[in-house]
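Below is a short report on one structure. Please keep the sequence and the model open while you read.

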Amino acid sequence: MTYLPQILFCTLLLLAGYSFYTRFRSITKVIRLGRDEHLNDQSGKRWKNVMMLALGQKKMFKYPLVAFFHLIIYVGFIIINVELLEIVLDGALGTHRLFLPFLGEWYAVLINAFEVLALGVLVVCIIFLTRRYVLAIWRFRHSDLNGWPSKDAAIILVAEIVLMGLFLFMNAADTLLQEWNYSPYTEHLTGNFFVSSWLHPLLQKCDPVTVVLIERVSWWLHIAGILLFLNYLSRSKHLHIILAFPNAYFARLTSVGKMSNMPDVQREVMYAFQPELATGESSPAPLKFGAADITDLSWKNLLDAYSCTECGRCSAACPATQTGKKLSPRRIMMATRDRCEEVGALLQEGKKFDEGKTLLHDYITEEELRACTTCNACVEECPVSISPLDIILQMRRYLIMEKSAAPQEWTMMFGNVENNFAPWKFSPEQRADWTKTI
Ligand code: SF4
Ligand code: SF4
């Protein structure tokens, strides 16, 4: 009977670990459906990207105040979870504050530092909730976030507030019971915890048995909440907390303005314009030009979709979104992830996902794709090295090269380029005629 809490705790830990593992396996499976793309070169530059973009959050600092708040949440949440190690060991071994005898006086210093961070996280979460739902800045009230995505952000912020609150209540109840010489808490004298001691006046109104109950319930809810949070996180936009790191490592190192050409198509164009430069062997024709579904995109595009934070900085900078066009680069990433999720669910059930639906048309429309000016502002703005433009270009390539689906004006221009080697309707022989009118 005395082992019951430990058995319960280990069961909870195993269930949460298994659920997290299966979720990650499913995501990896979907990402692997993407086309090959070799992004393993120049490891030095790649690690620098991880340090600067993911760990250092360099791009966030374009807006220093928001970046500072974001850093508090990020650092606070990660560092406080170091304390999770003690909680997990306490839960599994049936001990209480296991690290106290090893750390001595440093234990109180450490927990006090965690409490300051916990308070910081709590305050910033309230600020972010206010900014998102009361001040309602443009990119958070845009229709991209209608429905679930809007609730998702609130759930995570509220969950963080609750988790930090439980952490502080757990410590406050513990130190108060120590002050009251209540056994067995007197066996683990931690010293004062300054932030959580502000809660003592609230708890002092209760009798010791109730305070023990508050301490135990806070402890259990805190750990259960973290395990639940970890599993929820892997199903929400907050997956970026983890995926921002591999996404920064595998970021494309070429200039953001560089578009990927198809060498064989480029060679044909060269023959027409500068035959002397058109060299090299032609390779076998690809099975498909461009992308219609997630399996035609590269694995990096799919990793991008899972790493998107839905922050909307791309859409706030996009000239198409800002002039009221249907295109929003954030929605392109969200739609790609939704399709990935649908395919992942079908694979989980052992079903084929070739059910007639595709990313193009069922999730992203031609109108959205055509509104893009290819200005690259979305790529430049993204704090986690995502390129919505790359997906847009690949789908456009599919529409033009596989389906000949282009507006009439474009078709005329393509015909002119093909026949006259210029976008205009004049033949090459007439090209210099304008000089005769001078
Ligand atoms: S590249 Fe296209 S999607 Fe990106 S900001 Fe420019 S117009 Fe918008
Ligand atoms: S693509 Fe980048 S900038 Fe756009 S919403 Fe996602 S994370 Fe934010």
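The report covers helix packing, helix lengths, backbone exceptions and ligand shells.

## Basis of the report

This is a predicted model, in which local features need pLDDT of at least 70, side-chain atom pairs count only at pLDDT 80 or more, and totals for chains, interfaces and linings use all residues. Residues are numbered from 1 along each chain as its sequence is written, chains are lettered from A and ligands numbered from 1 in the order in which they are written, and side-chain values use heavy atoms, with hydrogens and water left out.

Helices (H or I, at least four residues) are DSSP runs, numbered from the N terminus; strands (E) need at least two residues. Axes are lines fitted to C-alpha atoms, for helices over the stretch in contact, and angles run from 0 to 180 degrees between N-to-C directions. Angles under 35 degrees count as roughly parallel, over 145 as roughly antiparallel, 65 to 115 as roughly perpendicular and the rest as oblique.

## Helix H1 and its partners

Helix H1 (residues 4–31) packs with helix H11 (residues 208–233) at an angle of about 15°, and their axes are 9 Å apart. H1 is therefore roughly parallel to H11. Their crossing is left-handed, meaning that the near helix is turned anticlockwise from the far one by less than a right angle; clockwise would be right-handed. Contact means heavy atoms within 4.5 Å. On the H1 side, the contact residues are Pro 5, Leu 8, Phe 9, Leu 12, Leu 13, Ala 16, Ser 19 and Phe 20. H11 brings Trp 219, Trp 220, Ile 223, Ala 224, Leu 227, Leu 230 and Asn 231. The contact of H1 with H11 has 13 nonpolar, two polar and no charged residues. Here Ala, Val, Leu, Ile, Met, Phe, Trp, Tyr, Cys and Pro count as nonpolar, Asp, Glu, Lys and Arg as charged, and the others, Gly among them, as polar.

H1 also meets helix H14 (residues 299–307): the axes come within 9 Å and cross at roughly 140°. H1 and H14 are therefore oblique to each other. Arg 23, Ile 27, Val 30 and Ile 31 of H1 touch Trp 299, Leu 302, Leu 303 and Tyr 306 of H14. This contact holds seven nonpolar residues, no polar ones and one charged.

## H3 against H6

The axes of helix H3 (residues 64–80) and helix H6 (residues 106–134) come within 8 Å and cross at roughly 135°. The two helices are therefore oblique, and their crossing is left-handed. Residues in the contact include Phe 69, Ile 73 and Phe 77 of H3, and Leu 117, Val 121 and Phe 128 of H6. By class, the contact of H3 with H6 has 15 nonpolar, three polar and one charged.

## Helix lengths and backbone exceptions

The expected span of a helix is 1.5 Å times one less than its number of residues. H8 has 32 residues and reaches 46 Å from its first C-alpha to its last, close to the 46 Å expected. H6, with 29 residues, should span 42 Å; its end C-alpha atoms are 41 Å apart, which agrees.

Most residues other than glycine have a negative phi, and most peptide bonds are trans. Just after H8, Asn 181 has a positive phi of about 55°. Ala 136 follows H6 with a positive phi near 50°. Phe 421 follows H22, with a positive phi near 60°. Gln 42 has a positive phi near 45° and sits in the loop between H1 and helix H2 (43–55). The peptide bond from Ser 183 to Pro 184 is cis, with omega near 5°. Pro 184 lies in the loop between helix H8 (148–179) and helix H9 (194–197).

## Ligand shells

A residue is near a molecule or strand if one of its heavy atoms lies within 4 Å of it. The shell around ligand 1 includes Cys 318, Cys 372, Cys 375 and Cys 378. Helix H20 (377–381) and helix H21 (388–401) are the elements that give two or more residues to this shell. By class, the shell has nine nonpolar, three polar and no charged residues.

Around ligand 2, the residues include Cys 308, Cys 311, Cys 314 and Cys 382, along with Glu 310 and Arg 330. This shell divides into eight nonpolar, two polar and two charged residues.
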